[in-house]
Amino acid sequence: MNFIDKLLNISRKNESLLCIGLDPNPDLMPKVGILEFNKAIINATCDLVCAYKPNLAFYEALGIEGLTILEKTVEHIPADMPIIGDAKRGDIGNTAKAYAKALFSTLGFDAATVNPYLGFDSIEPFIGYQDKGVFILCRTSNRGASDFQALRCLGGLSLYEMVAHKAKEWNVYGNIGLVVGATYPEELKKVRSICPEMCLLIPGI
């Protein structure tokens, strides 16, 4: 089963469009183990959501122990629930292929977030996993997003609009989605008009 079908199935089953981030910050957590904390969240919400999204930075920051926690967290999530690896990878050549293999084959994520700044060849290895989802950063929710994403390009479109058009062009396998922040509702509306059928990951709620 591919990512989109898996997402639609659980979304209909749980009547939900909510994705929960699993971003454990020990400084903000109760004094419990990270794995136990993640398991408690999953147990309390697995019938209420349509996906989980671990942010790899929080696990990588803990070294080997963190990657072990990530692996065991993924194992604890129900098999019918999509898992999005929030890694925001973006590189070229064999490095991009290695990143895609790490996220999809080694870590077993159903989808991943990627950065399109280096162009199509940085995205292509991810798209090649036709049963996996690929969420391209488009109009992100952070305060500094407009530093680049709002810049006007030839033809008068903003850079994030150009990214949306490119994503639509690259979506030959139907496995591409876009990351568009809820903090920019007008831009979200524009992206949806460009890509009316594409899956959107909407952080910032």
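Okay, housekeeping. The model is predicted, so to speak about local features we need pLDDT of at least 70, side-chain atom pairs count only at pLDDT 80 or more, and totals for chains, interfaces and linings use all residues. Residues are numbered from 1 along each chain as its sequence is written, and side-chain values use heavy atoms, with hydrogens and water left out.

Let's start with β1 and β2. Strand β1 covers residues 19-22, and it pairs with β2 in the parallel sense over four bridges; to pair, two strands need at least two DSSP bridges between them.

Buried here is under 20% relative accessible area, exposed is over 50%, and partly exposed is in between, using a 1.4 Å probe and protein chains only.

Lys-53 has 12% relative accessibility, so it counts as buried. What does Lys-53 touch, leaving aside neighbours within four places in sequence? The contacts are Cys-19, Ile-20, Gly-21, Leu-22, Asp-23, Ile-84, Asp-86 and Leu-201, where contact means heavy atoms within 4.5 Å.

Now back to α2, the helix in that crossover. Its twelve residues should span 16 Å at 1.5 Å a residue, and the end C-alpha atoms are 17 Å apart, which agrees. The expected span is 1.5 Å times one less than the number of residues. Ile-34, Leu-35, Asn-38, Ile-42 and Thr-45 are the buried residues in α2. They cover an arc of only 115 degrees around the axis, so they sit on the same side of α2; the arc is taken from the directions from the helix axis to the C-beta atoms. The face turned away from that side carries the exposed residues Asn-43 and Ala-44. Covering the buried residues we have, among others, β1, β2, α3 (56-60) and α4 (64-76).

Next, further along the chain. Strand β4, residues 111-114, runs parallel to β5 and is joined to it by four bridges. Val-114 has Ile-136 as its bridge partner in β5. With helix α6, residues 120-127, β4 and β5 make a right-handed β-α-β unit. On its β6 side, β5 pairs in the parallel sense over five bridges, and Arg-139 stands opposite Val-180 there. How many of the seven residues of β5 are buried? Seven of the seven.

Helix α9, residues 185-194, has Glu-187, Leu-188, Val-191 and Ile-194 buried. Their arc is only 120 degrees around the axis, which puts them on the same side of α9. Pro-185, Glu-186, Lys-189 and Ser-193 are exposed on the other side. The cover over the buried residues includes β5 (133-139), α8 (159-170), β6 (176-180) and β7 (199-201).

A disulfide is a covalent bond between the sulfur atoms of two cysteines. The rule used here is a pair of cysteine sulfur atoms within 2.5 Å, and by that rule the count is zero. Cys-50 is in no disulfide, and the nearest cysteine sulfur, from Cys-19, is 6.4 Å away. Cys-138 is in none either, with the sulfur of Cys-195 nearest at 7.2 Å. Cys-50 is buried at 6% relative accessible area, and Cys-138 is buried at 2%.

Glu-15, in the loop between α1 and β1, has phi near 50 degrees, a positive value in a residue other than glycine. Glu-15 is exposed, at 75%. Lys-88 also has a positive phi, near 50 degrees, but Lys-88 is in strand β3, residues 84-89, and counts as partly exposed at 39% relative accessibility.

Notes: Helix = DSSP H or I, 4+ residues; strand = E, 2+ residues; numbered from the N terminus. Right-handed = clockwise from strand over helix to strand, strands pointing away.
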